[in-house]
Amino acid sequence: MNITIIKAKSLKEKPDPKALGFGKHFTDYMFEMDYFDGKGWINPTIKPYEPLELHPSSLILHYGQAVFEGLKAYKSQEGKTLLFRPEQNFERLNISSDRMCIPEINVNDAMDAMYKLLEIENDWIPTFEGTSLYIRPFIFANENALGVSTSAHFKFMIILTPVGAYYSEGFSPVKIYVEQKYVRAVPGGVGMAKTAGNYAASIKAQYEAKKKGYSQVLWLDGCEHKYVEEVGTMNVFFKVNGEVITPELNGSILSGITRNSVIQLLKSEGYKVTERRIELKEIFDAADKGELDEVFGTGTAAVISPVGELATDDKKITISDGKVGKLSQWLYNELTDIQNGIKPDKFGWVKTL
Ligand SMILES: *Cc1c(COP(=O)(O)O)cnc(C)c1O
């Protein structure tokens, strides 16, 4: 793929690496390419990060036909750029696109575009402990029309944002509210796709849980409101009686790359890991019997997020005495050490640029 590069007239000042936050600062350049029916993906371009020009009728603004990904680039101690299983993100982007009737991209071309962008923006990859450069590839419908049907024009873009340490005040457990009124996804719906509307649909529940003092919601299944699905933008794991269990990929759960990596890591350490349907009651019962050892979420942003409390409106359980569980801590250290190039990468997960 031949990428056109348009130079920026001037470069921005880099933000303070100790106060990055998440998704607040954007780098100097972005990648963009367009799809037109009959032409396919054309005009791959790296150009200065700038606002887009869209028609008010652009389909994305009305019907939400859009998919996205999220991954991180880390700087190793030797100054190399490291990516964690990046091909998985682009393959998943195509899976999401297929569900949303968005044309597929060539995974190798998209990865080459990302590598080129990272090469140009090398100085933007923060080196301060816990920081990384978050990569956001996304595709949206951009036809200038108002009918509800698939678009004849799409845009694929990659933008970059340096992000701070997720646990700036130390690795610590979160309180989770079990959502029993709103649902995130239903069988046959789009829960397995990383598509815009899933997040729009989750904001109200998240907002209400925050007001009650919780940091995220635990979603239950959309039919019976009985089975555990996932947490906010993380998959969820439970350690019960020494066994690790996580909801199976049932079509309404996002297939997390961190989830898959955690399963492989645990199995390689001899843990019994089971992917199956999990009833909320089973978890609360296990807690009552003293058999619920740990609960944690997994996702690119936090990597591992230990859960210290799970609550519904009428029941509350404290997990691992509200402290970080041993397994959560071990998984966090192991994964972040592999991602940062500190520990050997025995699974072949890390791509070095
Ligand atoms: C992105 C995401 C995850 C986590 O996926 P990773 O590949 O581990 O980052 C889990 N659930 C939802 C709903 C997500 O959007």
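This is a predicted model: local features need pLDDT of at least 70, side-chain atom pairs count only at pLDDT 80 or more; totals for chains, interfaces and linings use all residues.
In what follows, Ala, Val, Leu, Ile, Met, Phe, Trp, Tyr, Cys and Pro count as nonpolar, Asp, Glu, Lys and Arg as charged, and the others, Gly among them, as polar. With those classes, the lining of the largest pocket has 15 nonpolar, 15 polar and six charged residues.

The protein is divided into domain 1, residues 4-163, and domain 2, residues 174-339. Taken over C-alpha atoms, the centres of domain 1 and domain 2 are separated by 28 Å. Where the domains meet, 20 residues of domain 1 are in contact with 21 residues of domain 2.

The largest pocket holds about 740 Å³ of space. Its lining consists of 36 residues, and those nearest the centre of the pocket are Q216, G232, T233, M234 and A301. Several elements each supply at least two residues of this lining: the strands β7 (132-141), β10 (216-220) and β15 (292-299), together with the helices α4 (196-200), α5 (203-211) and α6. Domain 1 and domain 2 are both represented, with at least three residues of the lining of the largest pocket drawn from each.

The second largest pocket has a volume of about 590 Å³. Of the 28 residues that line this pocket, E129, G130, T131, T336 and N340 lie nearest its centre. Strand β5 (71-75) and helix α8 each supply at least two residues of the lining. The largest share comes from α8, which gives five residues to the lining of the second largest pocket. By class, this lining has 12 nonpolar, 12 polar and four charged residues. The second largest pocket lies between domain 1 and domain 2, because both domains give residues to its lining.

A search of the whole structure for cavities of 30 Å³ or more finds one. About 100 Å³ of space lies in this largest cavity. Its lining is made up of G70, L71, K72, Y74, F84, N89, I257, T258, G299, T300, V303 and Q339. The elements that give two or more residues to this lining are β5 and α6. The largest share, three residues, comes from β5. Sorted by class, the lining of the largest cavity has five nonpolar, six polar and one charged residues. As for the domains, at least three residues of the cavity lining come from each of domain 1 and domain 2.

Two helices named above also pack against each other. Helix α6 (residues 257-268) and helix α8 (residues 326-339) meet at an angle of about 105°, and their axes are 11 Å apart. Angles of 65 to 115 degrees count as roughly perpendicular, so α6 is roughly perpendicular to α8. On the α6 side the contact is made by T258, S261, V262, L265 and L266, and on the α8 side by L327, W330, L331, E334 and L335. The residues of this contact divide into seven nonpolar, two polar and one charged.

Helix α6 contributes to the lining of the largest pocket and to that of the largest cavity. T258 is one of the residues of α6 in the contact with α8, and T258 is also among the residues that line the largest cavity. Helix α8 takes part in the packing with α6 and supplies residues to the lining of the second largest pocket. Strand β5 supplies residues to the lining of the second largest pocket and to the lining of the largest cavity.

Conventions: Residues are numbered from 1 along each chain as its sequence is written. Side-chain values use heavy atoms; hydrogens and water are left out. Axes are lines fitted to C-alpha atoms, for helices over the stretch in contact, and angles run from 0 to 180 degrees between N-to-C directions. Helices (H or I, at least four residues) and strands (E, at least two) are DSSP runs, numbered from the N terminus. Angles under 35 degrees count as roughly parallel, over 145 as roughly antiparallel, 65 to 115 as roughly perpendicular and the rest as oblique. Contact means heavy atoms within 4.5 Å. On a 1 Å grid over the protein atoms alone, a cavity is a set of points where a 1.4 Å probe fits but cannot get out, and a pocket is an open set with protein on both sides within 12 Å along at least five of seven lines; lining residues have an atom within 4 Å of a point. Grid points are joined across faces, edges and corners, and a volume is the space filled by probe spheres set on the points. Domain bounds come from an automatic or database domain assignment.
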